[in-house]
Amino acid sequence: GENIVVSELAKLMGVKATELIKKLMLMGVMASVNQAIDADTAVLLGGEYGIEVKVKFLTEDDLIPVHDDKEEELTSRPPIVTVMGHVDHGKTSLLDRIRQTAVAEGEAGGITQHIGAYEVKMEKGTITFLDTPGHEAFTTLRARGASVTDVVILVVAADDGVMPQTKEAIDHAKAAGVKLIVAINKIDKENANPDMVRNQLAEHGVISEDWGGDYQFQEISAKANLHIEDLLERVLLEAELLELKGNPTALAEGIVIESKLDKQKGAVATVLINRGTLNKGDNFVVGTEFGKVRAMFNYKGASIKEAGLSVPVEIMGFSGVPQSGDRFVVTPDEKTARQVADLRSDEARKKNFAEKSAVSLADLFNKI
Ligand code: GTP
Ligand code: MG
């Protein structure tokens, strides 16, 4: 229930705490200065002094201060990209090739990927790739109201053309309002027919810029390593047009893209930061869980002290395993994080109880 500590109530009423304790004793309530009394008792106690005590139920909005980012606080942030396309059209080959491109750009010793996302740093900018299978990222995360992708690279094999999952990917991207860039893959093949792909996509409203449409197309070969950097440059160009921005100084926020219970690390989750900068030691709430950032790791598994906009980061320090799609929010302090998590747990319990009661009532009526 709703409680208030005696000393806090005394301050609000402008009465000495020792005075309140005496009065409480007369009412048959034993409480010390630092103990909490329930709302009903507080209301009765107020009445004794002719003070009207009103009970206000705190909401999340009371606990987590809302801060609207001002224009001058915003800086540009890297785009978050998902690769989608029909079976066997070359999604995995392309992602592998992109990772190698990143290695070629000066990563020492290659990249061992530890989390379902990674960053590709190029001279012209950084791109974050989500490596969860494209459709999964869309269907599970979007079903939970989380939008995590800025750009979709749609891979279409030049020898196979538009297929059912190609159409599905177009629909997903359109529904989510996400920019689409087409990669016509396998152009090294003898029977490759890029113009056939352009024609088929045009029938689905995806018309390339050189045909007078709005979509960037790039012909590539993941296998023969053709035009991969051109494709990445198109992604950066698209990001520039989108003017992706965020406030790097705000308390961090992000979305859980993966989570698990690790034998050594305990509950861990990969969070994609989409607001502010996350620091080691930050308190946070995520779903009905809360915690403090005890350690953070980048996609290479290296320990880091802070994570900025569009950075995917594995975090340790959760009270329990959060769900993917959950919103991760840094709070001003530990107390707030706990309070919000408690509030949500209460809420979930009430909802659960209401649903169960509804069922048993229905059962009852059925029997009558
Ligand atoms: P799923 O994960 O099963 O949906 O497939 P995918 O889209 O990840 O395709 P994947 O990268 O596994 O490639 C499928 C096949 O196409 C493999 O045999 C690749 O070697 C081949 N392949 C991919 N890209 C190219 C390319 O540019 N040229 C040629 N010739 N073959 C390619
Ligand atoms: Mg694959």
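Start by selecting the shell of residues around ligand 1 in this predicted model, which by class holds two nonpolar, seven polar and six charged residues. There are 15 residues surrounding the ligand, and the closest to highlight are Gly90, Lys91, Thr92, Ser93 and Asp188. Colour helix α5, which spans residues 91–104, and you will have the element that gives the most to this shell, with three residues.

Next, show the oxygen atoms of ligand 1 together with the residues that approach them. At Gly90, look at the backbone, where a polar atom is 3.0 Å from an oxygen atom of the ligand. Then select Lys223, whose backbone has an N or O atom lying 3.2 Å from an oxygen atom of ligand 1. With a surface drawn, consider how much of the ligand is covered: taken alone, ligand 1 exposes 650 Å², and the protein buries 70% of that.

Finally, move to helix α1 (residues 6–13) and helix α2 (residues 17–26), whose axes come within 9 Å and cross at roughly 110 degrees. The two helices, α1 and α2, are therefore roughly perpendicular to each other, and the crossing in which α1 passes α2 is right-handed.

Methods: Residues numbered from 1 in each chain as written. Chains lettered and ligands numbered in written order. Predicted model: local features only at pLDDT ≥ 70, side-chain atom pairs only at ≥ 80, totals over all residues. Heavy atoms only, no water. Near = heavy atom within 4 Å. Polar contact = N/O pair within 3.5 Å; in protein donor to acceptor, adjacent residues only side chain to side chain. Areas by Shrake-Rupley, 256 points an atom, 1.4 Å probe, with all protein chains shown as cover. Helix = DSSP H or I, 4+ residues; strand = E, 2+ residues; numbered from the N terminus. Nonpolar A, V, L, I, M, F, W, Y, C, P; charged D, E, K, R; others polar. Axes fitted to C-alpha atoms, helices over the stretch in contact; angles between N-to-C directions. Parallel < 35°, antiparallel > 145°, perpendicular 65-115°, else oblique. Left-handed = near helix turned anticlockwise from the far one by under 90°.
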